[in-house]
Amino acid sequence: MPRHSSELRTGSEPIKARLIALSITLGLCMLVCWSVIFTGNLSGRGASDDLLYHWVAINQFAQEWPTPDLGDYASATAPGYHLLLAPLVRSGLDHTGTQLVASIWTLALLGLLCWVVSRSWGLASAVLMLPLLASMYVIYPGIWLLPDNAGWFFVLGVLLLALRPRTGWGVWALAGVLLLALVWVRQVHIWAAGVIWLAAWLGDQSQTPSDLRTFFTDPVRRLGRTIMAQGFTIPAFMALIWFLGTWGGLVPPSFQDQHQGPNLATPGFMLTQLAILSVFFAPVLIPQLRTLWAHHWRLVLLAIFVGLVLGVLPHSSYSIEAGRYSGWWNLLGKFPTLADRSPIFILGSVMGAVSLTLWLSLAPKRDIWIWLGVLVAFTLAQTANHASWQRYHEPMLLMMIVLIFARSMVLDQLRVRVLLGSLVLSVVLGAITLSSIMGAKPIQTGTNSAQTGPD
């Protein structure tokens, strides 16, 4: 990677500017989410998953309170999100009121991320947050009763602790608590345990390996730190094991025929999504490509090879039966295929792999290791799911991009390009979200179909 990528932004913007950025972000989030909630909008995928699944699960727990039956309920996710809302519903809170309370998770997610970003970007951090505010996969859980953002909040917490330049048992202990809460909300995110272990293995910023050859240096100290960090993640694994025993599988019994994987197209699809997002930041990434090719051209060729493999090997045609539908899959499905493979998908996978290399070249040295670990663990977890759905991936990719912007010293001369890219991307994502909401059909709650899927 370029020499300056090992540097870490440490400056801090004035507190007033940070508070203004935070207020703008939270104000926009409340404006968007609460305005839809107060209209009583019950149309589209978000409302469908709300009314047919999560609202049903919340009401079941409310009726059974204080001893809810966790053996089976109307959600494929762990019950933490529903258990927190159930006592409020039992006390008389209606659906609209429950939506307003649940939107706190989205406010907390965006507020925490904005506050972290504002440390280096100040007032401009409000602009960097706009793509997340515009993404339907972030906003929908802020409107309807969906547990996604509760999970992303705890994922973000673990990521921020892992990215700290200084680490220790206190950091690992707190990360273990967040991981436990995360598993209780979205069990699929157990992958985040590996990020905690990796952060401990790397140690402080001064102990970070410079390359793969030095990754295993000083193994005794690294292993000792890792074992200690693993100890703090045991409660999360115990919770997961308890869920597996209670459900007799990875999800409650009612959903065990719907999420069986793997879906080998997911890695290439995630790279394709990253390629699409990266287009809006081409003026930032193209100069990095020139630098990377001049000094590390082998990395670029390796990225092309990996992207090509992940693009060519799996079937990538549009298929509802194979879990390859909705989101960008709908666009890919409009193009011709060859041998059940989409040339556009293959190109997207290759471009995404190259884009990922460029994004990582912007990050500090220790961050590069963390993001590699995050993406490998996250991708493996998502590949195990039959459903290769954009809503499972896009928030993570957007958070990664924003955090790289927040922590990179490479971008000091390119801040205007970053802000313009964020603005244009937010307009595009916002248009897609608005179109989805405006064109959605009202939900018929009398028919419970498990195949509603995502947008």
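Colleague: Leaving aside its neighbours within four places in sequence, which residues is Thr 98 in contact with?

Modeller: This is a predicted model, in which local features need pLDDT of at least 70 and side-chain atom pairs count only at pLDDT 80 or more, while totals for chains, interfaces and linings use all residues. Residues are numbered from 1 along each chain as its sequence is written, and side-chain values use heavy atoms, with hydrogens and water left out. Contact means heavy atoms within 4.5 Å. Apart from neighbours within four places in sequence, Thr 98 is in contact with Trp 55, Leu 85, Val 89, Leu 93 and Leu 145.

Colleague: Is Thr 98 buried or exposed?

Modeller: Thr 98 is found in helix H4, residues 95-102; helices are DSSP runs of H or I with at least four residues, numbered from the N terminus. Buried means under 20% relative accessible area, exposed over 50%, and partly exposed in between, with a 1.4 Å probe and protein chains only. Because its relative accessibility is 0%, Thr 98 counts as buried.

Colleague: Which helices do the buried residues of H4 pack against?

Modeller: The buried residues of H4 are His 95, Gly 97, Thr 98, Gln 99 and Ala 102. Their packing partners are helix H1 (15-39), helix H2 (44-64), helix H3 (80-90), helix H5 (104-121) and helix H8 (136-143).

Colleague: What separation do the C-alpha atoms of Ala 236 and Ile 190 have?

Modeller: Ala 236 lies in helix H12, residues 219-247, and counts as buried because its relative accessibility is 0%. Leaving aside neighbours within four places in sequence, Ala 236 is in contact with Leu 179, Leu 180, Val 183 and Ile 190. Ala 236 and Ile 190 are 46 residues apart along the chain, and their C-alpha atoms are separated by 7.6 Å.

Colleague: How many disulfides are counted?

Modeller: A disulfide is a pair of cysteine sulfur atoms within 2.5 Å. The cysteine sulfur closest to that of Cys 29 is in Cys 33, at 4.0 Å, and is therefore too far for a bond. Cys 29 is buried, with a relative accessible area of 1%, and Cys 33 is likewise buried, with a relative accessible area of 1%. By this rule the number of disulfides is zero.

Colleague: How is H11 oriented to H17, roughly parallel or roughly antiparallel?

Modeller: Axes are lines fitted to C-alpha atoms, for helices over the stretch in contact, and angles run from 0 to 180 degrees between N-to-C directions. Angles under 35 degrees count as roughly parallel, over 145 as roughly antiparallel, 65 to 115 as roughly perpendicular and the rest as oblique. The axes of helix H11 (residues 192-202) and helix H17 (residues 365-383) come within 9 Å and cross at roughly 155°. Therefore H11 is, relative to H17, roughly antiparallel.

Colleague: Which residues in H17 do Val 195, Leu 198, Ala 199 and Leu 202 in H11 meet?

Modeller: These four residues of H11 have partners in H17, namely Arg 366, Trp 369, Ile 370, Gly 373 and Val 374.

Colleague: What is the omega of the cis peptide bond that joins Trp 65 and Pro 66?

Modeller: Most residues other than glycine have a negative phi, and most peptide bonds are trans. Pro 66 is found in the loop between H2 and H3. The bond joining Trp 65 and Pro 66 is cis, with omega about 15°.

Note on methods:
Helix = DSSP H or I, 4+ residues; strand = E, 2+ residues; numbered from the N terminus.
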